[in-house]
Amino acid sequence: MKILRARCLVITIAFLIGVFHVSYAQKQLQTDFRYFPPARVGQDTSLNDIEQLVVQKNWEVLLQRIETYAGKFRDDTATMIYLQHRKVNALIALREYEKALYILNNVAGYLHNRDLLHEAEYHTLMGICRHHLGNHTGARSSLVRAVSVREKQGSVKDHAYSLYILGTIYRYGFLESSRAWELFERSMDLLDDSKENIPIKGLLYYEMGMAAFAIGKVEESGQLARRALGTFHALTFASNNSFYYSEIADSWKLLGIYYFNVDLDESMKATEQAISIVQRHEGPEAFDLGRYYNNLGIIYQFKGDILKAASLYHKGLKINQKYPYNQDRISNSYFNLGENLGLQGYLDSALFYYKKCLGERKKYYPKGSGEIFALYSHLAGLYFKNNALDSALHYNLKALTELVDKYDPESVFDNPDFIPDTYNQTYIFTLSNKSKIMYDMYFSNSDVGSYWLYGGLETFMLADSVLQVQKSQMIFDQTRVSYAQTFKSMYEEGIENALKAFNATGDKLFISNLITSVERNKANVLMDNIITSRMLDTTMVVSGLLADDKMLKKSYAETEQALIQAKAVSDQKQINRLNDSLFTISRKQIQLRENYFNSLLKGNTIQTNRIDLQAMNIPDSLRILEYFWGDSALYIIRIDDQGTKVFQRKDVDSIRYLISGFTRFVSDVHINSGIRIADEFQAYASGLFRILIPEYNPAYRRNLLIIPDGLLNLVPFEALITQKTPQTSADYKSLKYLVKETNVSYSYSLEYYFDEWNRDWAGDEVIALAYSGTPESEALPGTYAEVNGIKEYYSGIFLTGREATKAQFLNQASGYDIIHMGLHGFADTDEPLNNYLLFPPEEKNAIADKLYAHDLYGLNLQARLAVLSACDTGIGKMLKGEGVYSLAYAFSYAGVPDVIMSLWKIEDRATSSIIQRFYAHLSQGNSSGQALTRAKRDYLHSADNLTAHPSRWAGMIAVTKQAQPAPGTLSMRWIWVGIAFVLIASVIYSRAKNRKSLSFYNFSKKARK
């Protein structure tokens, strides 16, 4: 149910954005026409009354007044044309397009006298009326003529305005968002920042945001929405009235569309805000409420409240049916209701609404339009859900044919990045649906032949390729993560089908596809950053390019955090200022990427290749367990030099229960020490062990690599119990922990672990900082002991207390092989930007300083290892498709391959003991994972029955990469010293030997005499 809901909703939102029929330009034109009024306007009271009604947008009263005044000015041609012009304004605002067009045709003869009606404005009005009456070609011709006239004779603002209107015709009439985007940019380029241009720039921000979303510039659409919102808020404050309420509402609507891909709760808030504004100013059945209710229904449906969504769709349909020339929105309501009823299982009712929608769309849209394509795709999904495979395949092929008929078939299938504008997500899901249909054709009747099986695989791989291309074009991390979350259900279905296909055929090609699908949902943003940094490190394209990119990311994150704080106190002026700053920073990021990164990174950040396990050269001492947590199953992939095996567990609810119980017991320092509690802990730990590590053989592998997913990111596998033991007392020391039998380490993904990055590491050994905190916080004496312990094995810089400042870290951290942070750590599981480490203040009586996650985004650290000996450094916001956004993740993002992090509020004394033992083992040449495991064994050996509780030792874990030399074991400085010592010793030895030989020779000569 959730899988279908996610698939259908993404298709709907992509469709919905593409078919919003423009009323927006029509709402603005009535107050911003460039026209030549007669001289008596401003002198005659009745005409001043007309102008006041225009400003107030009181169209019904305006029409009545015009009829009243018509007789008064019957003999004044100029004034009569002016009144007819204002009457056209009012009719357009009231959506009486046929009446407006009739008047325009009657005044066409006055075009020879531009003092009566400007030619360009006449064509603009004609274009708007034709557009809303469905004559898009005629509308375009009118606006092209208006643009031409204004380019030659009008002001710069008039020219920009005509380009803007022409862009809306392309955007909504022809659904050519790329062309619309170009026209909007041309219009924006003509406008300076003078006061009179602010309203039209606000309109352009909005329309550019809509076009940006349609052509895949998702991040930019959000920034443009904020820019539009800030502009219209500022105009409202400046004029001290609510004149721009509809523009503010539409900006909130666009922001809701953007947030749909990022944060559903924020999307709902923004859409509800738009509804509230329109209801307050226009009443409960205002024209725009029809589409706003549809948007809100989509959000509720995606969140799982199908009945609430259905109610909103019906509400929207009722409003849409009240207004003329509204076929597209009515069609949209039919579409949403069809999808909703299909999700509820009412096939016949869903088909009824889909067919009503198809009838409307075939009348309104030409063959080959994305709207009909999306509808066919939905019909295919509906039939597939009801196991009508033949009908599902029929409509799926009709959908693909509909798209291919409009575009070159070879281009679409051979070049997946060709997919046009709004339809990329729909196209991906349509291909995914076709893949599932083909797999099911084979599984339901294997006699049909392997064509269906391998066809399903090939089609899924094409869908994956399109998705990777789309994701690679996204600039902001947040959007790429959201995009990955959207498609996780697609990959889960692909994994299940690949496993079934492998079991049926034994072909390892399906296993390769399965592992690739798992990897697509692991730390892709992190890997993209690493690949980017590596390429820029090794490519002399532009000096400082990497630094520019990182600093922009840091600035963006800092501004976002400030915006969160401003929203918390409802500081609207600060919110507007920060939104402007975000817009400016994002434009710089986009420009940087477009100018340099696109050509540099093309083909490198796109993960279109299958995972090749043989190329990874897995050592015989290593076993890998990679996990994928779907909605309906947990997949466990075991990989070693003997091969690959996949386990599927469908009892996800019981696994979640075990994880909840285990993590509660294992992380509680104050756990009850009774026998019953110890036995209960064993039950959780051993039960989870049997599920998570199937077919365990302690003698088979010395090193175990865990690649977790979902809730498993919170599980310290070392504390799992391989075999229950009877308890006569609360004895946590004698339990058979996994850590006693094998070395355990973790990684973000297979790709991350096996990625080879031959970079120049820092030359010095260690920078260690320790700070116990403020008087209000808990003292951490163990952190000072850790620093003193490190000195026994490594040289470097050691800063404790008030010397361990944030400034010292930022200034010196990039020059050391190991970074040690013995500080207080704080995690925010809702907002990862709020994760921080606490440093001492720079001055007396000042507030303690904080190192936030976003501070690390601007760094390019050269360390091999970061030891975050602080609470909650591995905790943060858990995101599907990427992992946990934590402080440890931020250090990895900054370029540190190995990170020691904590999974809860660790106990100071035990942690200090383990960390000191860790450095002792590390200095002996062990990897960070091996060193930490051995340190934990040392601790357990010296602990008593109660201090051996896992809460004291299991919280620190090692995230690693393959074949990282033990950091700081021998720095280059000491290597050269050693070489020099050996050379000097050799010379001394050689000379001494020669002197001894010479003396012996002389003695021998004397003896012979």
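pLDDT is the predictor's confidence in each residue, on a scale from 0 to 100. The chain is a predicted model, with a mean pLDDT of 79, and 79% of its residues reach 70 or more.

Some conventions apply throughout. Residues are numbered from 1 along each chain as its sequence is written, and side-chain values use heavy atoms, with hydrogens and water left out. In this predicted model local features need pLDDT of at least 70 and side-chain atom pairs count only at pLDDT 80 or more, while totals for chains, interfaces and linings use all residues.

Among contacts between residues at least 6 apart in sequence, 72% join residues at least 24 apart. Of the 1009 residues in the chain, 61% are buried, that is, under 20% relative accessible area with a 1.4 Å probe and protein chains only, while exposed means over 50% and partly exposed lies in between.

In soluble globular proteins, nonpolar side chains tend to be buried together. Here the largest nonpolar core has 149 residues, and Leu 62, Ile 92, Trp 252, Leu 255, Leu 289, Ile 428 and Met 490 have the most contacts inside it. Such a core is a set of buried Ala, Val, Leu, Ile, Met, Phe, Trp, Tyr and Cys residues joined through side-chain atoms within 4.5 Å. A second, separate core of 120 residues includes Leu 769, Leu 799, Leu 838 and Ile 906.

Lys 87, in helix α5 (residues 77-93), is buried at a relative accessible area of 19%. Leaving aside residues up to four places away in sequence, Lys 87 touches Leu 63, Ile 66, Glu 67 and Ile 103. Ser 435 belongs to helix α22 (residues 424-444) and is buried at 1% relative accessibility. With the same exclusion of residues up to four places away, Ser 435 touches Gly 456, Thr 459 and Phe 460.

Turning to the strands, β4 (residues 703-707) and β7 pair in the parallel sense over four bridges; two strands pair if DSSP finds at least two bridges between them. Leu 704 stands opposite Val 744 in β7. In a regular strand the side chains alternate between the two faces of the sheet. From β7 (residues 743-746), Asn 743 and Ser 745 point one way and Val 744 and Tyr 746 the other, and all are buried.

Another sheet is open, with three strands in the order β11-β12-β13 and antiparallel pairing. Because β11 (824-826) and β13 (849-852) are at the edges with a single partner strand each, one side of each has no neighbour in the sheet. Neighbouring strands of this sheet are turned by 30° against each other on average, direction ignored; the axes are lines fitted to C-alpha atoms. Strand β12 (residues 836-839) is joined to β13 by four bridges, and Leu 837 has Leu 851 in β13 as its bridge partner.

How values were computed: Helices (H or I, at least four residues) and strands (E, at least two) are DSSP runs, numbered from the N terminus. Axes are lines fitted to C-alpha atoms, for helices over the stretch in contact, and angles run from 0 to 180 degrees between N-to-C directions. Contact means heavy atoms within 4.5 Å.
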